[in-house]
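Here is a short report on a sheet, a helix and a set of aromatic rings. Please look at the sequence and model first.

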Amino acid sequence: ESNEVNPEELNMVPELNSVPNIPSFAKTGIGKEVYCYKIENPNYACSFNIEFQCVTKELLKKYLEFLDSNDPETGEKVSDSEYFYEWDWGSMSIYYHKNDEAMSIVMGAER
């Protein structure tokens, strides 16, 4: 089985559609979106907390490879359940909860 993400496996996060400083690839997630809401973060022009469920370890791996394919300046595994990506437009911190098959993303877009 391929590790490539099939386009139908990616889900647009509608709450991010109107945010111009986030590129389209970063407005997607994998699994089933549970919520997306704006959070205050003085380091960024806008920040969001997003949660997806039904994210198997296999789907997580595909999503991380998808992010890697979008040329991050930084792409690192912080721990077995935490990953950090940074681009010139902003950053994503990903937390994976394997027992719940849930993935939380904290995303910030630069000013």
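The report takes the sheet first, then the helix, then the rings.

This is a predicted model, where local features need pLDDT of at least 70, side-chain atom pairs count only at pLDDT 80 or more, and totals for chains, interfaces and linings use all residues. Residues are numbered from 1 along each chain as its sequence is written, and side-chain values use heavy atoms, with hydrogens and water left out.

Six strands build an open, antiparallel sheet, ordered β3-β4-β8-β7-β6-β5. Strands are DSSP runs of E, at least two residues, and helices are runs of H or I, at least four, both numbered from the N terminus. Two strands pair if DSSP finds at least two bridges between them. β3 (32-39) and β5 (74-79) are the edge strands; each has a single partner, so one side of each lacks a neighbour in the sheet.

β3 and β4 (residues 46-53) run antiparallel, joined by seven bridges. A hairpin of six residues connects β3 to β4. Y37 has N49 in β4 as its bridge partner. I39 stands opposite S47 in β4.

Helix α1 (residues 57-68) lies across β6 (82-87), β7 (90-97) and β8 (102-109). Its angle to β7 is about 165°, taken between N-to-C directions on a scale from 0 to 180 degrees, with axes fitted to C-alpha atoms, for helices over the stretch in contact (heavy atoms within 4.5 Å).

There are seven aromatic pairs. Rings of Phe, Tyr and Trp (its six-membered ring) pair if their centres lie within 6.5 Å; planes under 30 degrees apart count as stacked, over 60 as edge-to-face and the rest as tilted. Two stacked pairs follow.

| Pair | Centre to centre | Angle between planes |
|---|---|---|
| Y85 and W87 | 5.8 Å | 15° |
| W87 and W89 | 5.2 Å | 15° |

Y85 and W87 are buried (under 20% relative accessible area, with exposed over 50% and partly exposed in between, using a 1.4 Å probe and protein chains only). W89 is buried too. Ring pairs link F25, Y63, F66, Y85, W87 and W89 into a cluster.
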